[in-house]
Amino acid sequence: MDIGELLSFKPEQTPKRPSDFERENHDDDDDDNSPEPPSRGEPPNKAHRSEANTGVRGKPSLPAKEPQLSEQEREDILKFVETEEPDGEVLDEYGLKKLLLLFEKRVLKNQEMRIKFPENAEKFMESEIELNDAIQEMHALATVPDLYPLLVELNGVASLLELLSHQNSDISVAVVNLLQELTDVDILHESVDGADELIEALLKQQAAGLLVQNLERLDESVKEEADGVHNTMAIFENLIEIKSDIAKDVAAQGLLQWILKRLRAKMPFDANKLYCSEILSILVQDTNENRILLGNLDGIDVLLQQLAAYKRHDPNSSEEQEFMANLFNSLCSALMAKENREKFLKGEGLQLMNLMLREKKLSRNGSLKVLDHAMSGPDGRDNCNKFVDILGLRTIFPLFMKTPKRNKKRILSTDEHEEHVVSIIASMLRNCKGSQRQRLLAKFTENDYEKVERIMELHRKYLGKVEATDRELDQNRQADPDDDDTYVTRLSGGLFTLQLVDYIILEISCTDVVKQRVLKILNLHNGSMKMIRNVMREFAGNLGDAGDSDWREQEQAHILQLIDRF
């Protein structure tokens with residue numbers, strides 16, 4: 001049975017059982033009132049039609065059925081559903097030219113009326129309404145991205161951008177709404193050529209600078225203008241998502257400065273503040289020039305001031321929690337630039353992060369990540385020494401000894417939490433010198449070497465994870481595997497944390513008493529020094545590009561020296 005037969009199939013209806021009253025009437029009719037055969041000239045079905053109309057004698061007639069759709073109506077509905085064609089005409093090249101011509105006329109008329117009657121709003125208000133209507137009609141263009149090159153060719157983009165500085169903010173907001181729809185990512189993906197032409201024209205006309213200038217004058221206490229701010233942020237997000245390398249130009253044309261000003265403004269938390277934090281996170285995520293610019297605009301202080309609000313209080317909503325996470329992500333990205341480490345140190349960022357770790361609020365998750373970024377690599381030396389000076393060891397080692405249980409207060413997974421804590425301790429062991437290093441090493445001899453026991457426990461845990469990952473890779477091994485992809489898979493499978501753990505083991509084994517305890521624990525659990533050496537040799541051979549080549553050579557020599565001594 002095919003689909004058509006299935007859809008048209010109806011089960012046979014069971015005949016209704018007659019009531020006693022109907023049965024008696026039926027018997028009487030059979031005995032006394034049997035109809036005579038119709039005469040030759042009478043149509044044979046006339047009597048039946050009459051009975052069908054009158055119904056059973058003595059039984060009330062049923063209510064009339066609702067009117068059914070005619071066959072023509074059914075065909076019209078089916079045709080509409082199949083074609084899904086809207087009532088209006090689809091915009092074509094001729095339609096776009098006509099639309100732009102009308103739009104240009106409305107722009108010129110409005111300019112003339114404003115020049116002619118600058119002090120009399122009633123005189124130019126009608127032309128302003130007509131101009132707004134023309135802008136609304138151009139939303140049809142967003143359904144046909146293939147026509148974007150023609151829009152650029154006819155100078156439509158330049159005309160739209162000129163209206164961003166219109167005296168009436170309602171007109172500029174209408175243009176922003178139109179641009180937001182034209183740059184929608186899903187629409188731009190429908191036409192690569194159209195997207196390239198439109199974005200190139202927007203960049204050529206300095207659209208980012210004009211949009212930022214318009215942001216400066218919008219009053220967010222007015223709902224329509226607040227929506228205009230939100231749509232402006234959406235335009236920037238769309239453009240960067242399609243062409244990520246424009247993030248540098250967009251930030252340099254004033255967007256980064258405006259976002260920092262907006263974050264600093266004493267306004268209640270709202271959707272626009274959340275969106276600003278998202279755009280800030282995007283701008284500094286992969287662009288080092290934007291990270292440096294953020295530092296030069298005192299952005300590190302702004303971020304620390306905003307985060308300080310969550311030191312002792314959790315966010316009030318999921319949206320505000322997302323806002324806090326965006327600020328932490330932006331700060332982590334900013335700290336990847338060497339120039340910002342010193343600003344973070346002078347801005348007492350270490351003290352704030354340390355307090356957040358002690359308060360056990362939601363902000364503790366982000367503060368761990370920030371400390372990890374601030375103290376890693378050769379540029380984190382000053383932060384590492386300062387962290388020891390502000391008694392940060394009292395905060396970080398309880399987290400090292402016992403990973404908090406996962407709940408609404410702790411968003412990080414157990415593995416992520418342990419990775420950040422171990423990375424912070426490894427950075428301090430590498431960067432701390434003098435008395436700070438001695439205080440750090442002394443921690444591993446406290447309470448009968450409990451911290452040595454813990455680091456060896458983590459070694460066994462992540463060694464098991466790496467071995468499981470290696471077995472899985474062997475089972476799925478391809479004919480010609482990519483060594484880089486394999487190494488990245490192993491890193492994410494636990495090797496990265498294992499390397500940090502084993503690095504700590506090598507560093508703390510510089511004292512004989514700790515080294516003897518390490519060997520004792522290894523023998524107790526059938527471990528081997530050879531395994532630790534192999535892990536660290538692989539680590540030394542795959543050091544990344546953090547820092548210059550001289551630093552990389554020094555780091556490799558330091559690790560190999562630790563291996564030989566171990």
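Analyst: Cys-510 is partly exposed, because its relative accessible area is 31%. Cys-276, by contrast, counts as buried because its relative accessibility is 0%. A search of the whole structure finds zero disulfides, a disulfide being a pair of cysteine sulfur atoms within 2.5 Å.

The model is predicted: local features need pLDDT of at least 70 and side-chain atom pairs pLDDT 80 or more, while totals for chains, interfaces and linings use all residues. Residues are numbered from 1 along each chain as its sequence is written, and side-chain values use heavy atoms, with hydrogens and water left out.

Side chains of opposite charge can pair when their charged atoms come close. In this model the count comes to 23 salt bridges, each being a side-chain nitrogen of Lys or Arg within 4 Å of a carboxyl oxygen of Asp or Glu.

One of these joins Asp-448 to Arg-517, with 3.4 Å from N to O. Asp-448 belongs to helix H26 (residues 446-475) and Arg-517 to helix H28, so this pair ties together parts that are 69 residues apart in sequence. Helices here are DSSP runs (H or I, at least four residues), numbered from the N terminus. The two partners fall into separate classes of accessibility: Asp-448 is exposed because its relative accessible area is 56%, and Arg-517 is buried because its relative accessibility is 17%. Elsewhere, salt bridges that share partners join Asp-415, Glu-418, Arg-454, Glu-457, Lys-461 and Lys-465 into one network.

Asp-448 also deserves a look at its backbone. Its phi is positive, about 55°, although the residue is not a glycine. Glu-348 sits in the loop between helix H19 (338-346) and helix H20 (349-359), whereas Asp-448 is found in helix H26.

Glu-130 and Lys-109 form a salt bridge whose closest N and O atoms are 3.2 Å apart. Because Glu-130 lies in helix H6 (residues 121-137) and Lys-109 in helix H5 (residues 93-116), this pair ties together parts that are 21 residues apart in sequence. Lys-109 counts as partly exposed, as its relative accessibility is 36%.

Lys-261 and Glu-216 likewise form a salt bridge, their closest N and O atoms being 3.2 Å apart. This pair links distant parts of the chain, with Lys-261 in helix H14 (residues 247-264) and Glu-216 in helix H12 (residues 207-217), 45 residues apart. Lys-261 is partly exposed because its relative accessibility is 48%, and Glu-216 is partly exposed because its relative accessible area is 44%.

Some charges gather on the surface instead. Asp-92, Glu-93, Asp-146, Glu-153, Asp-186, Glu-190, Asp-193, Asp-196, Glu-197 and Glu-241 form a patch of negative charge there. Such a patch is made of residues with over 30% relative accessible area and no salt bridge, like charges being joined within 9 Å. Helix H11 (residues 192-204) supplies the largest share of the negative patch, three residues. Another member, Asp-186, is found in helix H10 (residues 185-188), and it counts as exposed because its relative accessibility is 59%.

Gly-527 lies in the loop between helix H28 (512-524) and helix H29 (529-541) and is partly exposed, its relative accessibility being 32%. Gly-527 and Arg-460 are 67 residues apart in sequence, yet their C-alpha atoms are 8.4 Å apart in space. Gln-321, in helix H18 (residues 318-334), is partly exposed with a relative accessible area of 27%. A C-alpha separation of 9.2 Å is found between Gln-321 and Ser-363, which are 42 residues apart along the chain. Phe-236, in helix H13 (residues 223-242), is buried because its relative accessibility is 1%.

How values were computed:
Patches are made of residues with over 30% relative accessible area and no salt bridge: like charges are joined within 9 Å, nonpolar side chains (Val, Leu, Ile, Met, Phe, Trp, Tyr) within 5 Å. Accessible areas come from the Shrake-Rupley method with a 1.4 Å probe; for residues, only the protein chains shown count as cover. Lys and Arg count as positive and Asp and Glu as negative; His and the chain ends are not counted. The place of a charge is taken as NZ of Lys, CZ of Arg, CG of Asp or CD of Glu. Helices (H or I, at least four residues) and strands (E, at least two) are DSSP runs, numbered from the N terminus. Buried means under 20% relative accessible area, exposed over 50%, partly exposed in between (1.4 Å probe, protein chains only).
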